[in-house]
Amino acid sequence: MELRINTDHGVIAPYGMMILLSFLAGTGGLFLLNVRRGIRKLTALWVIPLSVALSLCGGMALTFLTSGGNMIGLSSLGGLCGMYAACGLTAWFSRQPGYGIVMTQNCTLMLPLMYSIGKVGCFLGGCCGGIPYSGAFRTVYTGAHANPVPSLPVQLIESAVFLLIFAAGVYGFFRRRVNTVPAVFLVSAAAKCLLDFLRASHQGQILSVPQILCIILIAVTRKRRGISFSQSAD
Amino acid sequence: MEIVYYGLAGCELTQYDGKDALLAPEGAEEAARQHRFLQMPDGRWYLFLTGAESEYIRSFPEGVSPVHLGEPGSDSGESAKAPVWIPVTAAALYLLGILTMFTKFLSGIPLLFLTAATGLSAFYCIRFPRSKGGKLLVGAGVTISIVMLVITIAVIAFCVSMWNQCMDECTQCQGMG
């Protein structure tokens, strides 16, 4: 079975719509979780516009830096840093002890959902494509971002994997499994690192920049587990 | 040691992740929520103490119970005079961000202005929640967001309808799109 995607989208760009949807779902879920866990509504409300703004800034800044100043795009890792920065800043503004931990945990739970939705946008827009592939569900792109070589729909694989991670995280969290949040973070970073091998952009490299960043994040998180993410009542 | 926190009785001094915290009594979720307790992953409600609160509680010898922290019914929050320059600067940055959208000079600049404006607005509204300026800022922000969303949807709908009309009328365009 071959999937043919026409990247001539007319007036409504599917990529943009999916990014918007991912922000709506992610920040909406973040707001609900924050309020549920005791964050003041006004503070939880301001996390929304701040996380959108800082996500966009972080996403663009990272692509600008990693491309040596040659292009500006949206990097998911940059967006992740922006989301966490928004939670940290809002917690600092509020001067309430514990707000930073709670908002960071909630952000970690919502990020896989945002990434999953965003990857559908990448699939429809023809970016972040997979390695050449001739098996079932091979994808051929036509239009503005045409690519006649059938490729692996790695964006859909990533979307499905991260949707599963999100579902497992929410399930574990509401079942009061104390280590759910660090597990979600580590599994997400590992999944992104491993799935990067299936991307066309990875060809010719041993480790790509996103993979190196993911490895650094995993290493830092495992080192800091006793300070920020590991939750235990003493 | 039992602590009565602003009228909420039955709180217990404990430690969470190495920090002094009050553990709310079982079944007092609503009261705990109103007194800035936070729900942690284990499902229980904790209030992380400030340095001053922690010192005050620990100044009591063991066996003295209950220890009262704050007066029942009073607000545990702070009230401070809000500086005027913050919302004025935020409004100026919003304006600059919108104006620079119409120039092609340094395409990242509008986003930086709008981000800085949003950050300042968030700081002002969160740090000074009772200020009239903060309420005005929130109200204005919500109104502008709704208006922009409605305009965006209207523009998209208009463009879609124009596109469809063009496709219907253009005989040479058959098979495109």
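Q: At what angle do H4(A) and H5(A) cross, and within what distance do their axes come?
A: Their axes come within 8 Å and cross at roughly 160°. Axes here are lines fitted to C-alpha atoms, for helices over the stretch in contact, and angles run from 0 to 180 degrees between N-to-C directions. Helices (H or I, at least four residues) and strands (E, at least two) are DSSP runs, numbered from the N terminus.

Q: Before we go on, what sort of model is this, and how is it numbered?
A: It is a predicted model: local features need pLDDT of at least 70, side-chain atom pairs count only at pLDDT 80 or more, and totals for chains, interfaces and linings use all residues. Residues are numbered from 1 along each chain as its sequence is written, while chains are lettered from A and ligands numbered from 1 in the order in which they are written.

Q: Back to that pair. Are H4(A) and H5(A) roughly parallel or antiparallel?
A: Roughly antiparallel. Angles under 35 degrees count as roughly parallel, over 145 as roughly antiparallel, 65 to 115 as roughly perpendicular and the rest as oblique.

Q: Is the crossing of H4(A) and H5(A) left-handed or right-handed?
A: Left-handed. That term applies if the near helix is turned anticlockwise from the far one by less than a right angle; clockwise is right-handed.

Q: Which residues make that contact?
A: From H4(A), they include A:Leu109, A:Leu113, A:Tyr115 and A:Phe123. From H5(A), they include A:Leu156, A:Phe162, A:Phe166 and A:Phe173. Two residues are in contact if their C-beta atoms, placed from the backbone, lie within 7 Å.

Q: How do the residues of the contact of H4(A) with H5(A) divide?
A: There are 14 nonpolar, four polar and two charged. Ala, Val, Leu, Ile, Met, Phe, Trp, Tyr, Cys and Pro count as nonpolar, Asp, Glu, Lys and Arg as charged, and the others, Gly among them, as polar.

Q: What about H1(A) and H4(A), at what angle do they pack?
A: Helix H1 (residues 14-36) and helix H4 (residues 99-125) of chain A pack at about 165°, with axes 8 Å apart. H1(A) and H4(A) are therefore roughly antiparallel. Their crossing is right-handed. The contact of H1(A) with H4(A) has 18 nonpolar, eight polar and no charged residues.

Q: And H5(A) with H6(A), at what angle do they cross?
A: Roughly 170°, and their axes come within 10 Å. That makes H5(A) roughly antiparallel to H6(A). Among the residues that meet are A:Val161 and A:Ile165 in H5(A), and A:Val184 and A:Val187 in H6(A).

Q: New topic. In what order do the strands of the chain A sheet come?
A: S1-S2-S3, three strands in an open sheet with mixed pairing. Strands pair if DSSP finds at least two bridges between them. S1 (2-6) and S3 (147-151) are the edge strands. S1(A) and S2(A) run parallel, joined by five bridges.

Q: Where is confidence lowest and highest in chain A?
A: It is lowest in helix H7 (residues 209-229), at a mean of 75, and highest in helix H5 (residues 154-174), at 96. pLDDT is the predictor's confidence in each residue, from 0 to 100. Over residues 226-234 of chain A the pLDDT is below 50. Chain A averages 87.

Q: Now chain B. What is the strand order of its sheet?
A: S4-S5-S3-S2-S1-S6, an open sheet of six strands with mixed pairing. S4 and S6 (67-69) of chain B stand at the edges, each with a single partner strand, so one side of each has no neighbour in the sheet.

Q: How many residues lie between S2(B) and S3(B) in their hairpin?
A: Two, and B:Asp17 in the turn has a positive phi of about 55°. S2(B) and S3(B) pair in the antiparallel sense over five bridges. B:Leu13 stands opposite B:Leu22 in S3(B).

Q: What stands opposite B:Leu23 in S5(B)?
A: B:Tyr46. B:Leu38 also stands opposite B:Tyr46.

Q: Last one. How many residues of chain B are in contact with chain A?
A: 36 residues of chain B are in contact with 34 of chain A. H4(B) supplies the largest share of chain B's side, 10 residues. That side has 20 nonpolar, 11 polar and five charged residues.
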